[in-house]
Amino acid sequence: MNTTELIEKLPKAELHLHIEGSFEPELMFEIANRNNVEIPYKSVEEIRKAYNFHNLQSFLDIYYAGASVLIHEKDFYDLTYAYLLKCHEDRVVHTEIFFDPQTHTDRGVAFETVFNGIKKALDDGEKKLGITSQIIMCFLRHLSQEEAFKTLEASLPFKDGIIGVGLDSSEVGHPPSKFQQVFEKAKEYGYITVAHAGEEGPPEYIWEALNLLGVKRIDHGVRSLEDKALMELIIKERIPLTVCPLSNLKLCVVKDLKDHNFKEMLDQGVCVTINSDDPAYFGGYMNQNYTETAEALSLSGEDIVKVAINSFEASFIEDELKEKWINECRSMLT
Ligand code: ADE
Ligand code: ZN
């Protein structure tokens with residue numbers, strides 16, 4: 001089996017996906033039209049041309065503007081179901097998606113509207129496509145901890161449908177320590193915690209996410225390699241990193257995919273996974289991320305299977321299902 005076939009056939013879990021980042025320009029136009037919202041682009045081509053980023057912030061500005069056309073429950077449903085169809089094409093059998101409530105509640109869209117649209121689509125995705133899923137709610141780190149507390153309280157009626165909380169948006173200047181108390185409270189409510197750290201920010205932010213926020217996974221974490229003691233810890237404790245290679249390329253975290261440290265971390269025994277982050281903006285969904293990474297870093301068949309196994313090991317699904325998928329991944333090598 002060649003690499004492309006192996007990637008297409010392998011069952012995979014996606015653990016780092018912002019649902020607002022799966023908003024394709026075609027759907028953005030359609031929803032903007034039906035909601036009578038003006039967007040500053042005349043065509044789908046013009047939108048795609050604007051997707052030239054030089055760092056995280058240059059992307060976030062456009063990403064938040066795009067999300068502003070989402071108003072009704074059906075908009076969130078359509079957005080989520082469109083992503084699940086991509087999962088189905090790519091043999092992503094389990095996905096743990098992020099959403100950013102504050103991006104919507106700050107514009108007057110109710111938490112309930114956002115959550116219900118996403119959740120109904122995920123439920124239908126399980127029924128019709130057989131894809132299992134979890135929802136992780138992220139706090140925007142450029143906003144205050146007080147704002148995050150309000151979002152945490154707003155989430156409580158929907159707690160049964162949300163597995164955990166995360167931390168995203170502009171990293172540098174907004175360290176995990178800024179959110180220590182709200183994460184403490186979230187854990188008291190029974191939420192699992194994760195956080196973006198070490199995407200653009202230094203290894204100290206990864207330490208803080210682990211030690212102060214008690215995270216179970218680090219989102220990105222590509223700067224871990226700069227700190228030997230940190231590497232030793234994440235290898236020993238098997239703290240997963242949800243790496244997003246095409247995102248790192250598009251946001252200029254790496255100049256060339258060939259320079260990415262993914263293979264080095266894999267070889268050192270880190271539980272690294274491959275994910276798409278914001279696929280509508282970064283040029284590809286899961287299989288594109290797997291294929292381009294495999295090509296750039298000369299990953300072997302064993303490497304690719306190991307990464308897929310890592311994705312299930314690092315997921316928040318029950319042990320029995322984990323084992324079933326891991327066994328299926330292993331069988332691809334025989
Ligand atoms: N929000 C959406 N994508 C993000 C990323 N890659 N980093 C931080 N915040 C984000
Ligand atoms: Zn992300």
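A residue is called buried when its relative accessible area is under 20%, exposed when it is over 50%, and partly exposed in between, using a 1.4 Å probe and protein chains only. With that in hand, let us walk through the structure. This is a predicted model, in which local features need pLDDT of at least 70 and side-chain atom pairs count only at pLDDT 80 or more, while totals for chains, interfaces and linings use all residues. Residues are numbered from 1 along each chain as its sequence is written, chains are lettered from A and ligands numbered from 1 in the order in which they are written, and side-chain values use heavy atoms, with hydrogens and water left out.

Start with the whole chain. Its secondary structure comes to 17 helices and 8 strands; these are DSSP runs numbered from the N terminus, with helices being H or I of at least four residues and strands being E of at least two. The radius of gyration is 19 Å, close to the 20 Å that the globule rule gives for 334 residues, so the chain is as compact as a globular protein of that length. That radius is taken over C-alpha atoms, and the rule is 2.2 Å times the number of residues to the power 0.38. Along its principal axes, the C-alpha trace spans about 55 × 40 × 40 Å. Of the 334 residues, 59% are buried.

Next, look at strand β5, residues 192–197. Here 5 of the 6 residues are buried, so the strand is largely enclosed by the rest of the structure. Strand β4 (residues 164–168) runs parallel to β5, and 2 bridges join them; two strands pair if DSSP finds at least two bridges between them. Within this pairing, Gly 164 stands opposite Ile 192 of β5.

Now find Ala 314, in the loop between α16 (301–313) and α17 (319–331). Ala 314 counts as buried because its relative accessibility is 4%. Leaving aside residues up to four places away in sequence, Ala 314 touches Leu 15, Arg 217, Pro 240, Cys 271 and Thr 273, where contact means heavy atoms within 4.5 Å.

Arg 91 has a positive phi of about 55° although it is not a glycine, and lies in the loop between α5 (73–89) and β2 (92–99). With 28% relative accessibility, Arg 91 counts as partly exposed. His 220, also not a glycine, has a positive phi of about 80°. His 220 belongs to strand β6 (residues 217–220) and, at 0% relative accessibility, counts as buried.
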